[in-house]
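I opened my notebook with the sequence and the structure side by side, and I wrote down what I looked up in the order I looked.

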Amino acid sequence: MVTKSKKLDVIIIGSGFAGLYMLHKLREINLNAIIIEKGSGVGGTWFWNRYPGARCDIESIEYSYSFSDELQQEWNWSNRYSDQSEILKYLNHVADKFDLRKNIIFNSTVLSSTYQEKTNEWIIDTESDSFVTKFCVMATGTLSSIKEPNFEGLEDFQGELYITGKWPHHRVDFTNKKVGIIGTGSSAVQSIPVIANEAKKLSVFQRSPNYSIPAHNKPLSRSEISNAKSNYSEIRNKAKYTRAGIGYNQFQERKILDFPKDYIIEELNKRWNIGGQEIFTAGFTDVGIEPEANKIAADFVKSKIKEIVNDPITADLLSPKDSIGCKRLCADTNYFETFNRKNVELIDINNDPIKSITKEGLVTNKRDFDFDILIFATGFDAMTGALLSIDITGKNNKKLKDKWKNGPRSYLGISISDFPNLFTVTGPGSPSVLTNMIVAIEQHVEWIFDCISFLYRSNKNNIEANLEFENTWMDHIEEVASNTLRYTCNSWYVGANVPGKKRVFMPYAGGFGKYREKCDEVASNSYTGFDIS
Ligand code: N01
């Protein structure tokens, strides 16, 4: 049981990968720190996203903490890509091993966080409690605030209704059921093949098709595990300075346009057969930048879709029109193959829009559908949603929601001017979602830990991003992003999936290695760009 001491040194919000490590790390300097967690257990995204087929799209060996060699030596990952239940088990193991639960308050939603100028403290209010803390660490996740479905007639539906990002803890039985699923992003790409195996009929409502690379998931052999364990330090060190925070893949610094067509196709085929979105994208550096280079990779994947999907009309509907990698690439197990099943149909809602949800199912302009189960795989209010769901008030009564009304603004994605002593782990403005999240989280947690330690060591009470440096960083983010093709399409990276959200490219696209060097440089120069008092 957490003793509800109301005056703390640090309050961390969220007990996913970021919050758990932050709490553990702060114990090194004996600070009085707690986590406040909305859920009834640890795990963050892996606690909530329990939909069928939920699996990581970064390899298990990479998608794990590096901070404890004992942990990485004792833990055995079963598969190349871990499923949700295994990652959640791992995080529970971490919570137990490091005795973290005693400082976590579960089932408690933070409603507001208010800075008190007189005392230089934050007041954190939940539904039932109020806490005072010197530092506030937002470990609230990047894809943790779901986009609540907003369809006409939703409340009329009388069947079972589920949202992938808020899946129930009990098993959902699809046997002999007619199922509808709206959305074809990563969550749907993973769940559709699993649901189709069980359901009597599955109707997939697609607004935009997505590129996906086969994951070729498989059990890890003993020798693969022991090889990783013997080489962890090398893998981790490499990951720290790569573009995407991944040390184990086949990353190559070369351009597709420098090679003859035959070689490119052979290479793309090789990577398609190895599988995994990160391996496919790591082949050539210009695919994300040059339209001509991108078209070669995009056409290759479209040719694979045509090969796999028997019906040419369905294959065409499943072939994306955007550039590849512009939206986050998916990794799948039998996604395109599933559309060859007799019990699966694809409905193009551009051609036949959904009019409303009904008592029995839904109606489009042209058809009526009856469902026992309706699933929304409609995504998240990415990067800013979870932070803005808390009423955060900084200096001079400034609200974060007002400061961010034209898009998030932050220095290094870690600190926000006018919000002293408040840190965001993998916040907008940092590489976060463009990298292996665990490597990004560890880097932020260690940076925040060093910063807080520095403040205590030097008897300083207050740190705040300087507005000028924040503005320069924001200009830099924009400049770097605008040179990439990711800038061009309507993805959640730019907030285009949320009606009314200001279009701003939110993550830092300059590469994780460069970003880490920048953060290290800032810290080693006594925190350049921060006002400290
Ligand atoms: O969400 P999405 P997601 N009417 O936003 C459609 C991570 N993740 O939950 O593209 C009809 O990608 C929407 O259509 P469109 C991963 O980073 C990781 O699948 O906007 N359709 C789209 O098809 C991923 O990128 C893993 O035209 C509507 C879909 O719903 C991110 O989470 C696994 C609609 C939403 O796709 C988000 O993935 C799963 C509407 N009103 C997720 N609104 C891992 O493997 C939305 N759509 C770690």
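Before starting, I noted that helices here are DSSP runs of H or I with at least four residues, numbered from the N terminus, and that this is a predicted model.

Entry one, a helix and what follows. I looked up helix 14, residues 437-457, and found that its 21 residues reach 30 Å from the first C-alpha to the last, close to the 30 Å expected at 1.5 Å a residue. I then checked its cover and saw that helix 14 is mostly covered, with 17 of its 21 residues buried. Just after helix 14 I came to Asn459, which takes a positive phi of about 55 degrees.

Entry two, a residue in a loop. I found Thr142 in the loop between strand 6 (130-138) and strand 7 (160-163). Is Thr142 buried or exposed? With a relative accessible area of 7%, Thr142 is buried, and, leaving aside its neighbours within four places in sequence, its contacts include Asp381, Thr426 and Met437.

Entry three, the ligand. I noted 25 residues around the ligand, and among those that come nearest are Arg55, Thr184 and Ser208. The shell divides into 10 nonpolar, 9 polar and 6 charged residues, and helix 5 (residues 186-198) gives the most to it, with 3 residues. A polar side-chain atom of Ser187 lies 2.6 Å from an oxygen atom of the ligand, while for a side-chain N or O atom of Lys327 I wrote down 2.8 Å to a ligand oxygen. Last, I noted that the ligand taken alone exposes 910 Å², of which the protein buries 87%.

Terms used. Residues are numbered from 1 along each chain as its sequence is written. This is a predicted model: local features need pLDDT of at least 70, side-chain atom pairs count only at pLDDT 80 or more; totals for chains, interfaces and linings use all residues. Side-chain values use heavy atoms; hydrogens and water are left out. The expected span of a helix is 1.5 Å times one less than its number of residues. Buried means under 20% relative accessible area, exposed over 50%, partly exposed in between (1.4 Å probe, protein chains only). Contact means heavy atoms within 4.5 Å. A residue is near a molecule or strand if one of its heavy atoms lies within 4 Å of it. A polar contact is a pair of N or O atoms within 3.5 Å; within protein, one must be able to donate a hydrogen and the other to accept it, and residues adjacent in sequence count only if both atoms are side-chain atoms. Accessible areas come from the Shrake-Rupley method with a 1.4 Å probe; for residues, only the protein chains shown count as cover. Ala, Val, Leu, Ile, Met, Phe, Trp, Tyr, Cys and Pro count as nonpolar, Asp, Glu, Lys and Arg as charged, and the others, Gly among them, as polar.
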